[in-house]
Amino acid sequence: MWVRTVRTAGGLLRGGLRSARPGDVRAQGSGDVSSGLRGGDVSRSGRTWVTPTGSSTGLKTFNSLTRQKETLVLAREGVATWALPPSGHSSYVRFDILQRILSRLFGITVVHAMVITDIDDKIIQRSWEDNVSPTSISSLYEEEFKRDMLSLKVIPPAVYLRVTENVHHIVAFIEGIINNGHAYATEQGDVYFDIQSIGDRYGKFVGAVGPPGEPGNSKKRDCRDFALWKQSKPQEPYWDSPWGRGRPGWHIECSTIASSVFGSQLDIHSGGIDLAFPHHENEVAQSEAYHQCGQWANYFLHSGHLHLKGSAEKMSKSLKNFVTIKDFLQSYSANEFRMFCLMTKYRSAIDYSDSSMLEARTSLGTISTFIHDSTAHIKGQLQCSPVREALLWERLAETKSSVMKALADDFDTPRAISAVMNLVYHGNCQLQPVSKCQGVARSPAVFGAMVSYIRDILDVFGIDLLHSKEAGLVGSCGSLEVVVEQLTHFRSEVRAFALAHQDGPTHGSPNKPGLYPERIPLLKACDTLRKDLAPLGVLIKDRGATSTWELTQRKQSPVRQSVQDKDQETSS
């Protein structure tokens, strides 16, 4: 083990992160997390970051504790312990992508635990308003959350842990902090963490000068001291403790439950950038005070905010400027939202708008069309000019290498997606249709390899092009594809009949044979059918004498939901 002095993270520029366009496929976002943290003087030992002992993964990741990329070293080879507190939906999707990359590409088993906060001030307030128990409200929230995660194809954690089921662990954890001399109880029955007791160790995310602390009574020794245990108020839920009836403070929940699963050492902790201070700062303080260790969590990964385009505020329920997952999925798919997230660095702020979502949809459409055309070429349905196979094999190898290098460099998904799109471009350049086969020997295996790779790498990101159409379009009617196949085959025969040429010269073209005039209406009818089916999600492409088809997603017009819309709903 070796120690080096680094610059620690500083105060957050709340609401001031400059947004990167989701369509910009680039390596670094101008609004990334590093721009939202301010460095401080960390020459004192309390702020040094120690490179963990263990197994190096060879990956680099941006660590908010040091404000720079660090080699990811895991305590146990091939296993990453990961804690994620309650965050926004975009954060869950972005960190799900990172965990998939670790497990699917780099062979690392991710042990992910998630805390379910099923008791807090908002839940209590809502229970009073609805005249139901807090348990009923929290159960509804939990079910909605899990349903949303399933809709967005987020892999569930190894375990969900509810706060109310772990209060006894929390009480014991607080007692341990008190016994170690880092917390104190008041006469009113509150327990506060004693910031002064840890000296210069506080401030890993906020610099040397601490901001105002959380609200509290005059019994606090320092304005920065935060509540570990809160005395219950009339009509509030409570649990018995050595300090009287009360309930846990917010920060202590995650520390206790993470420690009950992972012990005194955690590889990765993550969340939205707004959680860096005070939540993660306080988590670190109380966890290291309890375990009496110098470094509880080795890496902190923070994601940028999701903004409505043109607004500096993040999207959230509290600000009433959000779109529900149910409403969102009426206009866009989970695949499209993932592509939207992939096109910007996970630690960059991103703008949500119809145009940015349509950009993600277009990228997926370009990939789907290439896969369809490649499959048609492999089947012999799409005749092309001579293909430069050696060039495509070379491009495929370069893409694989570029994608791995990008993802090993702080999970740089924009650069990885750019490499994939570049491969699609070169593939399309070789798929130039011709009306007649030139009799050149063909070996389309390279297109099969390209299609397989593209599907595999998108599947790593949670985008399943192979089955999404069946799930989204066919549903319970598994015979739709068969019907479309038969329809297209029938249309192809009618079209071939209409395109047949007469043996002799025709009126108006005395020197060459032409179409039978009486069959031209059939040809027009075939074209009309093709055009009419396209808006319904059936795309037919005529390839000379043959035709191919594919199912495309039929979507409603995008619906933009704004703060004004939500206010109108509330007032009506």
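This is a predicted model: local features need pLDDT of at least 70, side-chain atom pairs count only at pLDDT 80 or more; totals for chains, interfaces and linings use all residues.

**Entry 1: helix α12.** I started with the buried positions here: Val446, Phe447, Met450, Val451, Tyr453, Ile454, Ile457, Leu458 and Val460 of α12 are buried. I then checked the length of α12. The helix has 16 residues and runs 23 Å from first C-alpha to last, close to the 22 Å expected at 1.5 Å a residue.

**Entry 2: the cores.** Which residues touch the most other members of the largest nonpolar core? I got Leu301, Met339, Phe340, Tyr352, Ile454, Leu458 and Phe461, out of 91 residues in that core. Helix α12 (residues 445-460) gives this core its largest share, nine residues. Another core lies apart from it and has 27 residues, including Ile119, Val191, Ile198 and Ala285. I jotted down a general reminder too: in soluble globular proteins, nonpolar side chains tend to be buried together.

**Entry 3: Phe461.** I looked up what this residue touches, leaving out anything up to four places away in sequence. The list for Phe461 is Ile97, Arg100, Ile101, Arg338, Leu342, Leu407, Ala416 and Ile417.

**Entry 4: helix α1.** Is α1 mostly covered or mostly uncovered? Covered, I found: 13 of the 18 residues in α1 are buried. For the length of α1 (residues 89-106), I compared the 26 Å its 18 residues should span at 1.5 Å a residue with the 25 Å between its end C-alpha atoms, and the two agree. Just after α1 comes Gly107, where phi is positive at about 65°.

**Entry 5: α4 against α6.** At what angle do these two helices pack? I read about 75° between α4 (residues 167-179) and α6 (residues 276-291), with the axes 8 Å apart. That angle is why I wrote down α4 as roughly perpendicular to α6. On the α4 side, Ala172, Phe173, Gly176 and Ile177 make the contact; on the α6 side I listed Gln286, Ser287, Ala289, Tyr290 and His291. Sorted by class, the contact has five nonpolar residues, four polar ones and no charged ones.

**Entry 6: His372.** I found His372 in helix α9 (residues 354-379). Is His372 buried or exposed? Its relative accessibility is 12%, so His372 counts as buried. Leaving out residues up to four places away in sequence, His372 touches Arg543, Thr548, Trp549 and Glu550.

Definitions and conventions:
Residues are numbered from 1 along each chain as its sequence is written. Side-chain values use heavy atoms; hydrogens and water are left out. A nonpolar core is a set of buried Ala, Val, Leu, Ile, Met, Phe, Trp, Tyr and Cys residues joined through side-chain atoms within 4.5 Å. Buried means under 20% relative accessible area, exposed over 50%, partly exposed in between (1.4 Å probe, protein chains only). Helices (H or I, at least four residues) and strands (E, at least two) are DSSP runs, numbered from the N terminus. Contact means heavy atoms within 4.5 Å. Axes are lines fitted to C-alpha atoms, for helices over the stretch in contact, and angles run from 0 to 180 degrees between N-to-C directions. Angles under 35 degrees count as roughly parallel, over 145 as roughly antiparallel, 65 to 115 as roughly perpendicular and the rest as oblique. Ala, Val, Leu, Ile, Met, Phe, Trp, Tyr, Cys and Pro count as nonpolar, Asp, Glu, Lys and Arg as charged, and the others, Gly among them, as polar. The expected span of a helix is 1.5 Å times one less than its number of residues.
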